[in-house]
Amino acid sequence: MTSKRLPALLLVSALTSGCANMQSSGLAFWSSESDASGNEVLESENLQVAAGDDELVKAIESGDGSAANAELDDSIDPELKAAASKARESLDAIPDQVDEANTTVDLWQRLRAGFALDLEVSNTRVQQQLAWYRKHPQYIQRVSERGSRYLHYILSEVEERGLPTELALLPVVESAFDPFAYSHGRASGLWQFIPSTGKYFGLTRSWWHDERRDIVAATDAALTYLDRLAERFDGDYTLALAAYNSGGGTVSSAIRRNDRRGKPTDYWSLDLPRETRHYVPKLIALAKIYQDPEAYGIELPALEDKPYFEVVETGSQLDLAQAANLAGVSMDEIYLLNPSYNRWATTPAGPHRLLVPVANVEQFRAGLDALPPEQRVSWQNYQVVGGDSLIVIARKFGTTVDVLRDVNNLRGNLIRVGQRLLIPTASRGDDAYALSQQQRLAATQARGGRSGSGTRVDYRVQRGDTFWDIAREHGVSVRQVASWNGMAPGDPLMPGKQLVIWSQSATPSPTLASNSRNQAMVRKVGYRVRRGDSLSTIASRFSVNVSDIASWNNLNTSRYLQPGQSLVLYVDIRNSN
């Protein structure tokens, strides 16, 4: 999802109740507006770019199978031993439940039956998308296979709400059906929610989990959002989809501009951001192909019209390795159906549920019923030693201070030498949890050096560091540093965080980085765009790069700056003009 933002009125109350601080590198200018009936509507003028299917597109176009396997998402790296190497096969394999012999009534027919968008529209942008898909039929094959775990559930939810079933294909556009997709605009999951909008729709996040990646919760939130947008734009789903991509405020502003000029106000006539201009044509092109794949020389994988997974209540926290063993499935299968879990277990505080393949549900339930609650996670009896604190112990054992307090009935942070603590721990080694957040991050960091250029530097973030500081010192871009570490340029850099940098500097070292930063006179500067300004003139004035300005402010470089627009710059004040 690109820009799914919140109205100022709602944000104010959210902020006063503990909403996370917004980062200066991801500026958003909030406003509130009401529709014709006086209802509050979601509003934003700021474009964020979604992860979408860019990496899969590059891999397919390159014709390099190894690149395709390496670059589709953050979930796998071939160097993560046997468990990790099998995960990619799991992600792209057609599930066992698919019976290719049964082609009388399949999920594709059911999908087509609910199509309601105008697929006969004749538009150059649609034809361009169709031409690419026709030229790369393996792309449709790959994303269809990946989506086969989730599509029956998503389609059922779409039908339940009476929405056009083309919307079930939207995760192809947003994430290429990669449940671990994360964009430089901080959007995550199949439906690409940014943090603020995810919070508005009730998608919770913690050290243990991120519901933006939860198949059930995020699908419900996305369809709720789309339904509201459709109501806002009087049932016009092309406008609703455009708003899902770039924000309701962006679309409303474009409509008002055309209306003032006496121009048509339909989607195809609006002056929208470049990504949004291609967003709806991409979905329509996909729908046309799924409606009649033979006409485009594409063969869809057989997919029966039956559920792939079932939601099972577990009642308490459960080690995911234990869950895989009880269900008789691989760890990869558990993570791919439950991608919201960051660690080795489900969330201690709930929700206590797992998605399990239908074929394995009864086995899983029987095994869970026979398993005593105290055996659902492993425990270690730990004796506190000198220098220990709850934070130190939590880091050592991969848990949180809150969990330690809860398990050991502690009211504060005070512990004493010799005290015994019970600590929940993973039942197997790290490599077994190949799709956990920690292992996906290790894979992403290792993958950054595959081009053969650059020297790996393990850098610990210091107080006052910014992506721009670190990138400049190592001769790389802000976006590269963020990408190598599974982050977005707008993510906060916390002191002590370990980064991997594939440095282009002649003598890269954390010590050198620290010294050069002290010598620089970098200041955060607020700048208001003047008439006649462009990114290049501003970059020249402050001796910075256009790409850095775009990264600091999440700008689309193909769009014009507007007079009065606010920007954040990180400037070495000795070099600015």
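Trainee: What percentage of the 577 residues of the protein chain count as buried?

Mentor: This is a predicted model, in which local features need pLDDT of at least 70, side-chain atom pairs count only at pLDDT 80 or more, and totals for chains, interfaces and linings use all residues. Residues are numbered from 1 along each chain as its sequence is written, and side-chain values use heavy atoms, with hydrogens and water left out. Buried means under 20% relative accessible area, exposed over 50%, and partly exposed in between, with a 1.4 Å probe and protein chains only. Of the 577 residues, the buried share is 55%.

Trainee: How many helices and strands does the secondary structure of the protein chain come to?

Mentor: Helices (H or I, at least four residues) and strands (E, at least two) are DSSP runs, numbered from the N terminus. The totals are 25 helices and 10 strands.

Trainee: Which backbone nitrogen does a side-chain oxygen of D319 reach at the start of helix 15?

Mentor: A polar contact is a pair of N or O atoms within 3.5 Å; within protein, one must be able to donate a hydrogen and the other to accept it, and residues adjacent in sequence count only if both atoms are side-chain atoms. The D319 oxygen comes to within 2.7 Å of the backbone nitrogen of A321.

Trainee: Is F397 buried or exposed?

Mentor: F397 lies in helix 18 (residues 390-397). Leaving aside residues up to four places away in sequence, F397 touches Q380, Y382, I423, P424 and T425. Its relative accessible area is 17%, so F397 is buried.

Trainee: What separates the C-alpha atoms of F397 and P424?

Mentor: P424 is one of the residues that F397 touches. The two are 27 residues apart along the chain, and their C-alpha atoms are separated by 8.0 Å.

Trainee: Which residue in strand 8 is the bridge partner of Y459?

Mentor: Two strands pair if DSSP finds at least two bridges between them. Strand 7 (residues 455-460) and strand 8 run antiparallel, joined by 6 bridges. Strand 8 (residues 498-503) has 5 of its 6 residues buried. The partner of Y459 there is L499.

How values were computed. Contact means heavy atoms within 4.5 Å.
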